[in-house]
Number of protein chains: 2
Amino acid sequence: MGKQAMDRSEHTDPWIRSIEVKTSPPSLKDNTADVDRLIKGIGKELGGGEVKVDLSLAGKIPSFLRNHGYQAETVLYKGVSSWHLTELWPPADAGSVCGVAVDLGTSVIAIRLLDLVTGDVKGEASFLNPQIQAGPDILTRIHFAGREGGLQELQTLLMDRLNKEIHRLAQSRGISIQRIVGASVAGNTTMTHLFLGLDPYWICREPYIPVLNRPGLIRPEEVGLKINGRGVIFVFPNTGSYFGGDVMAGILASGMNHREEVSILVDVGTNAEVVLGNRDWLVACAGAAGPALEGGVASMGMMAGPGVIDRVLIDPATGEIHVRTIGNLPPVGICGSGMIDLVAQLYLAGMLDVRGKIVPERCGARIRKIDGVPHLVVAFSKDSGTGEDLTLSQAEIDTLMRSKAAMHTILTTVIRMVHLEWKDFRRFYVAGTFGSYINPRSAIVLGMLPDLPLDAYEALGNTSLAGAGMALLSLRKRNEVDGIRNRVTYVEMNVNQEFMNEFSAAKFIPHTDRTLFPSVP
Amino acid sequence: MGKQAMDRSEHTDPWIRSIEVKTSPPSLKDNTADVDRLIKGIGKELGGGEVKVDLSLAGKIPSFLRNHGYQAETVLYKGVSSWHLTELWPPADAGSVCGVAVDLGTSVIAIRLLDLVTGDVKGEASFLNPQIQAGPDILTRIHFAGREGGLQELQTLLMDRLNKEIHRLAQSRGISIQRIVGASVAGNTTMTHLFLGLDPYWICREPYIPVLNRPGLIRPEEVGLKINGRGVIFVFPNTGSYFGGDVMAGILASGMNHREEVSILVDVGTNAEVVLGNRDWLVACAGAAGPALEGGVASMGMMAGPGVIDRVLIDPATGEIHVRTIGNLPPVGICGSGMIDLVAQLYLAGMLDVRGKIVPERCGARIRKIDGVPHLVVAFSKDSGTGEDLTLSQAEIDTLMRSKAAMHTILTTVIRMVHLEWKDFRRFYVAGTFGSYINPRSAIVLGMLPDLPLDAYEALGNTSLAGAGMALLSLRKRNEVDGIRNRVTYVEMNVNQEFMNEFSAAKFIPHTDRTLFPSVP
């Protein structure tokens, strides 16, 4: 609700506008053409700026004006310099004028339907990226795109699903698809390329070059997005193969680029993307955070959903594991944030040692050996929603340990590169669905996140989606995106000997150097 | 040649440009995207300004750059504010970059192929407007457009022929159609609407309102023009139903809007369009000049072509008629300008009286009665190219007399409206194919044109085509068109009692008031 309220209060400079126009009928004394007459009327309300009208729409204007008493509800969007007439409706039709913000995730796509006049959120939906069937990750999709017809297939998969979901969402809110006149799309560089139908071939090949950096405004028909055909799509820019529009949108949503104090924004997905800076400078860095942080990769890990464990508490005295599940249902699995909670609690209860290894004497009956690998029972079959024991293997814990070590190393490396220390940071933004659910205390205990006061941590939720929505609603925000892009310095993370040393030290809970984590017992 | 030379000397600010770009290959230190890398290279040559690239072209750039050593010949056009990348070719391909100027006449369409880099005229062609088969004049075409599918049919007729002729012209000059990246189109308001696929329904109905006044820049695909699909078409604006882009182009071509002295520009077609003014003011007026001034309407009149009489001299002593024909062939007909010469000479030889009636006693053996109407033999069967007598009927002469009277009345009315007299004019521009061939002396003798010194008359040829070419070659000229449009005051000719009195007086040769024509004996 905080974000939505912010969006609304900032909604003072829309670039997609609905304008009621009343023109005077033509006469022998005023033989201005119908289109120009309408533009004149719009110009009065708009307060200046050239207005362009597509021929396909121009042809409809004469009979429209005569049939509706020379009045119309018009919709316009602002391009680079001119306004463009998008639609005209009878004034009596009065309905919402909407747009859709899209977070093009590699795994999950989220859409938000916005009322462009009020800034209200009309609805949201999220769904698995259908391109997963062609390739689970970016790299396999890039290779898939290289096949005969592969690029087209990936784009079609995406567009068909996106169109279906947008239509479903609009329909459920009683909004005609013609009333959706704008879209704003933020995704990583490869996802953005696939959305645009551009071959990402060179993105994964040295020196890692995207086709383009600034798609800007495009027409829906150029990509096959089935909103109002004369509408417009704003596509977030990237600054390279590893730093995409989703992070630009994240910076926009965080507002860190306006503050005097230095903030850090971390978006944990398949990669951990880190941005730090303030109103004077912005540095971005990306590195592999490891698969354990993404739902669906660990055998037990899964996306948040009914019955999925998202919080864990262990009684250190008894070793009793208390789990909270989504919907308070019997547990059927665990998501990434639940896993971080679990591992932190296991450590605090002495059931894992500083290396993250299961301590048999502390785990007792919870230990199972499956295929020779030790497993820990998180929920016994009698309590689980599956009727079977829910277990976590040592291998899964090891993966999480590597991921948390990677995260810590990335964060440490990044702040060292800019010659800062953790005490310099007042704000630590955690973005992403994962960030929304993570318990910062557990992440600190694990040594995954730095030992800052808990109130420094702020979960921003899906900042890519929030930023996309902001750029859709505000011209200033839309223009700010290019400013952010131009100001961000992208730093390639050098995986050198120093990095590897740091990584090795970070593979302990919380760290070999415990002075870094004074709050962890 | 004069016009072409002028076009070339002014060709210093092209808005469609060919730019050779050499970019540096990408590296880990410079991971700018391929499109942005190319744009950067173009920007250096262009000297600033945003460059937009369509997705369909963007997708081709990565492999293009890698296949051609990061070099390209690019073509760009300037829109309202940004430049647009239109095409890229291998640097070795080096060919012309061309555009086509189009004069969309109601009866005849003229096209001129221009080299956009040098400004050279590559070729020209003219052909009958194929819409004639649907309706010979504007009014019947407007009605035809109102039928089911009629508008589409008219546009298709036009486009198919235009595409065929442009392709033929390009092919004859060895120019690939992809190398034609721009077009500039000037026509009257209705023809422009039909070109754009816009219904001209309200143009002929009070209060005579066009669909639009300023089509501006459109994409070829919007109208089905088959030049390079990513090219651009500039369409001349109108200021109303009766004052179209052809006249705007005429003003542009004459340059009268830059001069201190007051000039008058007359374009004689189906209508006589008159513009007068200087760098401070422009007034335009249109009125029906009558069908006799257009080839193909009078039974003997025809378009200029081999064997067509374009000059006539009569020996007043003998009544001998000497004719000059195009190609010096035996005469087969007479064109409008030839007819004006003929009638003036007949009058000077005393073979017509001041009312324009045949004087039997002076014409002798040249008189024939056909269906009870007196005819005059212009060329006897033994001298003609048809083997039959070439005759001119009293009815045809009467039509010409009405036309010349209309022209004189229009000119007189227009200059009275602006409170000027003929002595205030230094320049009298006669535009149109008709204007190119007219003998001003004959037109003065008839009382059709005012009795100015002969050197005040200047035939500008097809000013609509010339103006279209100028706007295609120069950004300043293209922008000037809107300035002209905004400055022209259109004056509706009131056909009131005073007009009719003037018209009656002008139906004599040269006029009832002979003091107006002191040079005519």
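These notebook entries record what I looked up in the predicted model, starting with one residue and moving on to the two chains.

**Entry 1: a residue in chain A**

I began with A:Ala471, which I found in helix α15 of chain A, a helix that covers residues 463–473.

Next I looked up what A:Ala471 touches once residues up to four places away in sequence are set aside. The list holds A:Trp15, A:Ser184, A:Phe234, A:Phe236 and A:Leu252, and it goes on with A:Lys477, A:Arg478 and A:Val481. I also noted the pair A:Ala471 and A:Val185, which lie 286 residues apart in sequence, while their C-alpha atoms are 9.3 Å apart in space.

**Entry 2: where the chains meet**

I turned to the contact between the chains and noted that 41 residues of chain A and 41 residues of chain B take part in it. The area buried between chain A and chain B is about 3,300 Å², and carbon and sulfur atoms give 60% of that area.

How many salt bridges are there between chain A and chain B? I noted two, and I looked at one in which B:Arg214 pairs with A:Asp36, with 3.0 Å between the closest N and O atoms. For polar contacts between chain A and chain B, the count is 13 residue pairs, with both residues at pLDDT 80 or more.

I then asked which elements give two or more residues to the side of chain A that touches chain B. These are the helices α2 (34–46), α3 (55–58), α4 (61–67) and α8 (220–223), together with the strand β9 (216–218). The largest share of that side comes from α2(A), with four residues. Sorted by kind, the residues on the side of chain A that touches chain B are 20 nonpolar, nine polar and twelve charged.

**Entry 3: how the copies are related**

Finally I looked up how chain A is laid on chain B, and found that a turn of 180° with a shift of 0.1 Å along the axis does this with an RMSD of 0.1 Å. The two copies are therefore related as by a two-fold rotation axis. Within chain A, the C-alpha nearest the axis belongs to A:Ser81, at 3.3 Å from it.

Definitions and conventions
Residues numbered from 1 in each chain as written. Chains lettered and ligands numbered in written order. Predicted model: local features only at pLDDT ≥ 70, side-chain atom pairs only at ≥ 80, totals over all residues. Heavy atoms only, no water. Contact = heavy atoms within 4.5 Å. Buried area = accessible area lost by both parts, 1.4 Å probe. Salt bridge = Lys/Arg side-chain N within 4 Å of Asp/Glu carboxyl O. Polar contact = N/O pair within 3.5 Å; in protein donor to acceptor, adjacent residues only side chain to side chain. Nonpolar A, V, L, I, M, F, W, Y, C, P; charged D, E, K, R; others polar. Least-squares fit on C-alpha atoms with pLDDT ≥ 70 in both.
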